[in-house]
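Here is a short briefing to read alongside the model on your screen. Have a look around first, and then we can go through it together.

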Amino acid sequence: MKNRHFSPEKKWSIIAALSGLVGGVLLISTFLQVTDNPITCNLRRSTPIEPIQLNAILHYATSHIVPQQSLAEIRVSFDVLRSLSPCNFLVFGLGHDSLMWASFNAGGTTLFLEEDPKWVQTILKNAPDLRAHHVKYRTQLSESDDLLKSYRSEPDCSPIKSFVKNNDKCKLALVGLPDEVYDKEWDLIMIDAPRGFFAQAPGRMAAIYSAAVMARNRKRSGVTHVFLHDVDRRVEKAYAEEFLCRKNLVKGVGRLWHFELPPVANFSGGSGGGSGFC
Ligand SMILES: C[S@@+](CC[C@H](N)C(=O)[O-])C[C@H]1O[C@@H](n2cnc3c(N)ncnc32)[C@H](O)[C@@H]1O
């Protein structure tokens, strides 16, 4: 019978060969994970798709109702979300686009603020994964001109004080919302609500003012991306010029304007620090 025991030299050469093999496998697997080689793409570990994204595919593939924003308009915020997600995304208004926005930011926080409590129930019944709060606006569209003229004489509306939470004296500040809305630093804010097409509707004045104040108060690095829809309307345009500022406007597509607002510490000398926001 042959001796089955290996000599010490043979043992070391086997250990060396096994080490080489393990090292080689690790090296190849690293290569497979980092290359975009089409031959290896099936072997790469892909990012798992989130349940909300699957629900969104199913929903939009089987629904005849589509979001109101055009493809070109949606693409503006889609591109920003692709570069920042998972991130903090605040959306004014629930609608047929809500599941889409939340699934573009899967793994992040997407929070909706909605004026109509019944509409909250309707949307959440079909999409229970969405997170929404009801907002009680203190404004009416019919007051928009007066509010724009008079806000400078209310010290608590001033950009120097710059606060939203419990700001009862400034009618443009959104009060009574859960702390999460005030405490989180929002990377993106989409303003596509509340309704602003008849005199008694809340109008978007408070949403625009509050978004501007939250963006100015940002402590984290980077800008706040603010998207405003329906800028073909006089009030949206006037409030955007007053609070979001033309110098921060980076893109306009269809009826959508995209602003990048820097934190207040970064506002250039003299501007944004006085009685006006720009
Ligand atoms: C301009 S819509 C927002 C539409 C949304 N971006 C979309 O694509 O569906 C603004 C507000 O209108 C109201 N709204 C929109 N669709 C509605 C519907 N089908 N029934 C009742 N209210 C609706 C909600 O209060 C919503 O916040």
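The notes below cover the ligand shell, some helices, the nonpolar core and the strand pairings.

This is a predicted model, in which local features need pLDDT of at least 70, side-chain atom pairs count only at pLDDT 80 or more, and totals for chains, interfaces and linings use all residues. Residues are numbered from 1 along each chain as its sequence is written. Helices (H or I, at least four residues) and strands (E, at least two) are DSSP runs, numbered from the N terminus.

**Around the ligand**

- The ligand is surrounded by 16 residues, and the closest are Gln68, Gly93, Gly95, Asp97 and Ala193; a residue is near a molecule if its C-beta atom, placed from the backbone, lies within 6 Å of it.
- Sorted by class, this shell holds 6 charged, 5 polar and 5 nonpolar residues. Here Ala, Val, Leu, Ile, Met, Phe, Trp, Tyr, Cys and Pro count as nonpolar, Asp, Glu, Lys and Arg as charged, and the others, Gly among them, as polar.

**Helix 2**

- The end C-alpha atoms of helix 2 (residues 51-62) are 17 Å apart, which agrees with the 16 Å that its 12 residues should span at 1.5 Å a residue; the expected span is 1.5 Å times one less than the number of residues.
- Helix 2 lies largely in the open, because the number buried among its 12 residues is 1. A residue is buried if 20 or more other C-beta atoms lie within 10 Å of its own, exposed if 12 or fewer, and partly exposed in between, with C-beta atoms placed from the backbone.
- Alanine 56 lies in this helix and is buried, with 21 other C-beta atoms within 10 Å.
- Leaving aside neighbours within four places in sequence, alanine 56 is in contact with Leu99, Met100 and Ser103, where contact puts two C-beta atoms, placed from the backbone, within 7 Å. The C-alpha atoms of alanine 56 and leucine 99 are 6.0 Å apart, although 43 residues separate them along the chain.
- Isoleucine 52 is also placed in helix 2, but it counts as partly exposed because it has 18 C-beta neighbours inside 10 Å.
- Beyond four places in sequence, isoleucine 52 is in contact with Ala102, Ser103, Ala106 and Asp129.

**Helix 3**

- Helix 3 (residues 71-84) has 14 residues and reaches 20 Å from first C-alpha to last, close to the expected 20 Å.
- Buried in helix 3 are Glu73, Ile74, Val76, Ser77, Val80 and Leu81. The buried residues of this helix pack against helix 4 (98-104) and strands 4 (188-191), 5 (224-229), 6 (249-253) and 7 (256-261).

**The nonpolar core**

- The largest nonpolar core has 55 residues, and Ile191, Ile208, Ala212 and Val226 have the most contacts inside it. Helix 8 (residues 205-216) gives the most to this core, with 10 residues.
- Such a core is a set of buried Ala, Val, Leu, Ile, Met, Phe, Trp, Tyr and Cys residues joined through C-beta atoms within 7 Å.
- Apart from neighbours within four places in sequence, valine 226 is in contact with Ile189, Ile191, Ala211, Ala215, Leu244, Phe259 and Leu261.

**Strand pairings**

- Strand 1 (residues 88-92) is largely enclosed by the rest of the structure, because 4 of its 5 residues are buried.
- Strand 1 and strand 2 (residues 109-114) pair in the parallel sense over 5 bridges; pairing requires at least two bridges found by DSSP. Asparagine 88 stands opposite threonine 109 in strand 2.
- Strand 6 and strand 7 run antiparallel and are joined by 4 bridges. Lysine 251 has histidine 258 of strand 7 as its bridge partner.
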